[in-house]
Amino acid sequence: MPEPIKSNAQGVLNRLRGIVRPAVYLSQNLISRIGVVLTTTAGITLVFAFGLLIFGFQPNPYAGIMVFFILPAIFAVGLILIPIGIVRDLHKFRRLGTLPVAYPSVDFSHRGVRRTLLFIAIMTAINVPIFGFATYRGTVFMESTQFCGQTCHKVMDPEYTAYQRSPHARVACVECHIGPGAPWFVRSKLSGSYQVLAVTFNLYPRPITTPIHNLRPARETCEQCHWPERFSGDKLVIKTKYADDEKNSSTKTVLLVHIGGRNPDSLLVGIHGRHLGLVSYRPGDAKRQEIPWVSYRAADGTVTEYASTETPPKPDLLARGELRTMDCMDCHNRPTHTFDMPENAVNREMAAGRINPALPFIHKEAIELLKVNYRSRLAAETELPDALREYYRKNYFAIYNSQRAAIEQAAKGILYIYQGNVFPEMNITWGTYPNNLGHNDFPGCFRCHDGNHKSKDGKEITQDCNACHSLLAMDEPDPKILHELAGGN
Ligand code: HEC
Ligand code: HEC
Ligand code: HEC
Ligand code: HEC
Ligand code: HEC
């Protein structure tokens with residue numbers, strides 16, 4: 001019985017006509033036309049952008065802001081403008097009593113309809129290239145380090161400053177924070193837009209809390225450039241320290257750090273080979289500084305679980321706590337925002353000669369000046385150098401007169417350290433961000449390698465000093481090993 005179907009289709013058609021005709025008739029006003037132009041322009045640009053994505057074009061990561069947020073927003077605004085114009089006209093015509101009894105059919109020979117179409121076509125043709133160009137320029141700018149580091153100037157100042165001093169100073173923020181590929185734009189853009197709001201309305205935490213939980217896995221960022229399979233062997237690390245005496249007596253510690261690699265053929269897998277993808281853990285606190293439970297999957301597949309005997313994991317943690325597989329960031333959590341401790345920083349600047357070790361008590365003074373609680377970074381800029389000058393003027397007047405340049409240079413060196421590490425506006429000071437690489441200033445490796453993490457059968461995560469490094473010399477004034485390495489005796 002084909003009859004009812006036909007009349008049904010007819011009914012739908014009629015109803016459609018009842019919507020389309022008034023809509024077209026009433027939309028011949030500026031607001032609706034602008035709406036249509038915005039919608040079609042954004043729509044065409046979007047289709048074009050998605051087309052590029054599908055065909056494997058990898059724009060810079062920040063293209064996401066434009067493609068996923070701004071263009072759809074314009075699209076939506078256009079869609080909203082169309083009915084606003086229609087409703088306005090409806091009210092206007094009703095008031096004037098000029099509302100037609102029957103709406104005219106959509107007729108392309110009608111002048112109004114043609115003019116609307118022409119207007120939309122011309123505006124779209126002009127707008128699409130403009131939108132395309134704006135999208136391109138906008139994203140190039142937004143992925144730049146200046147945008148990340150300086151647009152939210154105060155917020156990211158600490159990270160930007162530390163970054164500029166780091167080995168990654170030439171690596172763009174987005175290479176680690178977003179990385180390549182489409183899905184991560186979206187995720188980071190979602191959190192990114194929240195961050196923009198947070199900054200605008202002053203809602204962000206000071207300091208910014210870490211660890212960053214939605215940071216992209218290291219496999220997809222760090223490993224774009226670093227290749228753990230190719231790491232091997234040992235790294236010689238020489239640390240020079242100065243004492244707090246008048247002479248700033250120096251000693252050296254020499255370590256051979258067994259960094260090793262993830263090379264399955266090698267037995268000497270070392271530090272890198274023994275964790276990546278093999279060790280999982282459940283942190284006991286938000287900062288991942290306490291680690292009550294650890295599991296290790298050996299090369300033969302056997303899994304060993306270790307629990308802290310000092311702070312045993314609570315049943316709740318084992319059932320529901322975060323379970324994390326170790327990656328680069330669990331040790332290198334400060335690869336580029338490397339904040340220092342005063343002693344380390346002063347030792348390093350002295351060893352490099354930027355703070356002259358010949359100045360009496362300079363080591364002790366420098367550390368004291370760095371630990372002062374200055375009101376602001378601006379205040380430190382004058383107060384810190386003044387205090388150093390004053391110290392030498394009062395205690396070593398002859399040196400104050402004869403070694404002015406060395407004192408000024410030292411003051412500059414100390415201020416440089418301060419400015420890289422203390423940011424009162426963001427509540428960042430010495431030690432705010434723990435560094436997990438090592439065990440001297442922060443728990444670091446000893447979060448697990450503390451000798452208190454034991455398995456059921458009594459095995460423990462080693463604290464053997466020679467497992468991670470050979471201590472070739474420790475705090476020696478003139479280590480023999482360095483002469484031997486240099487070929488002397
Ligand atoms: C070599 C990789 C790398 C680069 C380049 C990089 N970051 Fe980071 N950044 C990280 C890692 C890893 C963390 C996570 C630290 C954590 O979770 O404990 C981080 C954390 C942060 C944080 C959170 C606060 C903090 O200090 O931990 C901010 C803000 C930040 N980065 C901003 C930036 C800005 C701005 C740039 C560019 C000027 C940048 N980052 C460049 C790797 C990088
Ligand atoms: C875009 C490439 C790139 C990315 C991504 C990258 N790095 Fe690097 N990294 C480098 C380069 C280049 C150097 C060497 C700099 C130098 O020797 O001056 C380096 C140096 C290092 C060093 C040695 C630092 C030192 O003090 O000698 C470490 C550790 C490191 N990167 C860890 C990481 C970690 C962890 C990540 C991921 C969060 C990462 N890198 C992401 C390029 C990159
Ligand atoms: C278990 C902790 C740990 C993990 C996990 C780890 N590293 Fe390391 N890494 C170290 C230590 C310790 C050193 C030696 C640091 C030093 O003494 O300067 C090091 C050194 C390095 C260096 C410098 C090598 C050199 O010759 O100077 C690079 C680059 C590096 N790591 C990258 C990575 C990357 C990329 C990952 C992730 C794939 C990673 N590391 C994972 C602990 C770790
Ligand atoms: C989350 C816990 C955890 C952290 C943090 C950690 N490790 Fe480990 N590490 C382990 C586990 C588990 C093993 C394997 C134990 C086993 O063999 O059963 C291991 C093994 C090792 C080994 C091999 C030891 C041996 O005798 O063969 C070295 C070397 C090592 N770790 C160095 C480091 C260094 C260096 C750091 C800090 C930069 C570090 N680890 C941080 C859990 C950790
Ligand atoms: C789980 C691995 C691991 C174990 C176990 C370990 N260390 Fe270390 N140690 C490190 C790492 C990593 C560093 C950092 C190297 C660097 O800063 O480049 C370090 C640094 C040091 C330094 C130099 C620190 C400085 O800044 O002067 C000394 C000294 C040291 N360790 C002594 C020891 C002694 C003593 C033991 C035995 C009780 C020990 N370590 C056990 C991993 C370990």
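**A loop and the iron sites**

Author: N427 sits in the loop between helix 16 and strand 7, where helices (H or I, at least four residues) and strands (E, at least two) are DSSP runs numbered from the N terminus. This is a predicted model, in which local features need pLDDT of at least 70, side-chain atom pairs count only at pLDDT 80 or more, and totals for chains, interfaces and linings use all residues. Residues are numbered from 1 along each chain as its sequence is written, chains are lettered from A and ligands numbered from 1 in the order in which they are written, and side-chain values use heavy atoms, leaving out hydrogens and water.

Although N427 is not a glycine, its phi is positive, about 55°. With a relative accessible area of 46%, N427 is partly exposed; buried would mean under 20%, exposed over 50%, and partly exposed is in between (1.4 Å probe, protein chains only).

The loop between helix 16 (404–421) and strand 7 (453–454) also carries H439. The NE2 atoms of H439 and H469 coordinate the iron atom of ligand 5 at 1.9 to 2.0 Å; donors are N, O and S atoms within 2.8 Å of the metal (3.2 Å for Na, K and Ca), and water is not among the atoms, so sites may look incomplete. H469 belongs to strand 8 (residues 469–476), 30 residues from H439, and the pair links distant parts of the chain. H439 is partly exposed at 28%, whereas H469 is buried at 14% relative accessibility.

Strand 8 also holds D475, another residue other than glycine with a positive phi, near 50°. D475 is partly exposed, with a relative accessible area of 38%.

Next comes ligand 4, surrounded by 21 residues, of which H275, Y306, C445, C448 and H449 are the closest; a residue is near if one of its heavy atoms lies within 4 Å. A nitrogen atom of ligand 4 is 2.7 Å from a polar side-chain atom of H449. Oxygen atoms of ligand 4 lie 2.4 Å from an N or O atom in the side chain of Y306 and 2.7 Å from a polar side-chain atom of R274. Strand 3 (279–282), strand 4 (293–297) and helix 17 (465–468) each supply at least two residues of this shell.

H168 lies in the loop between helix 6 (153–164) and helix 7, and H226 in the loop between helix 8 (182–200) and strand 1 (235–242), so the two tie together parts that are 58 residues apart in sequence. H226 is partly exposed, at 41% relative accessibility. Among the 13 residues around ligand 2, H168, C222, C225, H226 and H332 come nearest. Helix 7 (173–177) and helix 11 (328–331) each contribute at least two residues to the shell around ligand 2.

Technical notes:
A polar contact is a pair of N or O atoms within 3.5 Å; within protein, one must be able to donate a hydrogen and the other to accept it, and residues adjacent in sequence count only if both atoms are side-chain atoms.
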